[in-house]
Amino acid sequence: MKKTLRPLLVFSLVLNLVLLFSFFSDSTETKSNNTPLGRQYNIQPVTLPDSINFAGEPAPLQYFDVREGLDREMLINIYWQSQTLLFIKRANRYFPVIEKILKENNIPEDFKYIPLIESGFLHIVSPADATGYWQFIETTAKEYGLEVNGEVDERYHLEKATRAACLYFRSARELFGNWTMAAASFNIGRTELKRQSMIQATNNYYDLKLNNETGRYIYRILAIKQILSQPAEYGFRIQPSDLYPELKARAITVDTTITSITVFARKQGISYKLLKLHNPWLRADKLTNMQGKQYTLYIPESNSRSY
């Protein structure tokens with residue numbers, strides 16, 4: 001009897017060990033396949049700030065639609081990490097120039113976020129042919145003194161386009177009575193925003209039912225403002241060396257025709273490409289100037305493109 005039982009006990013013990021090993025093996029494999037991603041990529045809701053404002057004008061976060069509108073844009077911009085990282089990097093290059101001009105024209109600093117959400121500081125053209133840093137359409141650009149033709153397009157001139165934007169915002173502030181509506185009108189146009197304001201009998205952006213793009217516009221600005229004001233709070237850990245530096249160049253004045261941008265650039269000791277990178281408003285390979293108009297061109301100190 002004992003001799004018969006012993007082989008069965010041994011077999012049972014071996015079987016249990018095999019099953020136990022199999023269990024731990026499967027468990028380890030499951031962890032190795034599923035756990036690391038969870039450790040590395042933590043997807044969670046965003047904690048909204050207790051309060052937030054545009055140009056000193058508070059957003060009423062106690063309203064569900066306002067809170068959810070901000071929540072949407074915060075989530076989009078926090079989890080679209082590549083774009084927001086590029087926004088942070090480029091802002092370091094362009095914000096100082098814009099901030100200075102806004103201050104000179106008594107426009108609140110929060111307006112600096114508009115060209116960032118409009119163009120990302122890239123030379124893009126929208127389906128509606130809005131162009132340049134601030135995405136002016138041609139008629140509005142000319143209305144505010146920008147030169148736009150086949151050889152010169154000052155919508156690509158950061159300083160001049162920003163000064164034109166200041167003129168626009170000042171007049172829009174006078175029309176609507178607050179900065180938030182002035183900013184929203186930059187997207188939809190003053191005429192249409194005024195029409196909607198009259199139809200809906202309110203001059204408060206947060207009480208207006210607008211098209212999807214304009215209805216999101218201020219929330220996009222607020223979200224970018226919040227993230228760029230404290231990027232580490234939202235997972236963006238950036239060192240100063242990661243940021244794009246300002247481009248250093250000397251200014252020269254030209255009041256005659258430049259028959260060849262290539263020849264002109266070589267005389268300055270730089271390449272055609274480098275001249276265009278510093279002066280993107282030059283849209284052709286020449287600059288016709290029969291009236292002796294003064295243009296300011298920026299020339300880097302050398303042909304080097306290093307930081």
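The model is predicted, and local features need pLDDT of at least 70, side-chain atom pairs count only at pLDDT 80 or more, and totals for chains, interfaces and linings use all residues. Residues are numbered from 1 along each chain as its sequence is written, and side-chain values use heavy atoms, with hydrogens and water left out.

Figure 1. The largest pocket holds about 970 Å³ of space. A pocket is an open set of points on a 1 Å grid over the protein atoms alone, where a 1.4 Å probe fits and protein lies on both sides within 12 Å along at least five of seven lines; lining residues have an atom within 4 Å of a point. The volume is the space filled by probe spheres set on the points, which are joined across faces, edges and corners. The lining has 30 residues, and R93, L247, K248, L277 and H278 are the closest to the centre. At least two lining residues come from each of α3 (81-104), α6 (158-176) and α11 (272-278); helices are DSSP runs (H or I, at least four residues), numbered from the N terminus. With four residues, α3 gives the most. The lining comprises 17 nonpolar, six polar and seven charged residues, where Ala, Val, Leu, Ile, Met, Phe, Trp, Tyr, Cys and Pro count as nonpolar, Asp, Glu, Lys and Arg as charged, and the others, Gly among them, as polar.

**Figure 2. The second largest pocket and its lining.** About 520 Å³ of space lies in this pocket. Its lining consists of 22 residues, with A130, Q135, I137, F186 and N187 nearest the centre. Two or more residues are given by each of α4 (113-119), α5 (138-143), α7 (179-188) and α9 (212-229). The largest share, four residues, belongs to α7. By class, eleven lining residues are nonpolar, six polar and five charged.

**Figure 3. The crossing of α3 and α6.** The axes of these helices come within 10 Å and cross at roughly 40°. Axes are lines fitted to C-alpha atoms over the stretch in contact, and angles run from 0 to 180 degrees between N-to-C directions. The angle therefore makes α3 oblique to α6 (under 35 degrees is roughly parallel, over 145 roughly antiparallel, 65 to 115 roughly perpendicular and the rest oblique). Contact, meaning heavy atoms within 4.5 Å, joins Y94, V97, I98, I101 and L102 of α3 to L158, E159, T162, R163 and C166 of α6. These residues divide into seven nonpolar, one polar and two charged.

**Figure 4. The packing of α3 against α9.** Here the axes lie 11 Å apart at an angle of about 80°, and α3 and α9 are therefore roughly perpendicular to each other. From α3, the residues T84, F87, I88, A91 and F95 meet I224, I227 and L228 of α9. Seven residues of this contact are nonpolar, one is polar and none is charged.

**Figure 5. The packing of α2 against α9.** Helix α2 (residues 64-79) packs against α9 at about 60°, with the axes 8 Å apart. Among the contact residues are V66, L70 and M74 of α2 and Y219, A223 and I227 of α9. The contact residues comprise ten nonpolar, four polar and five charged.
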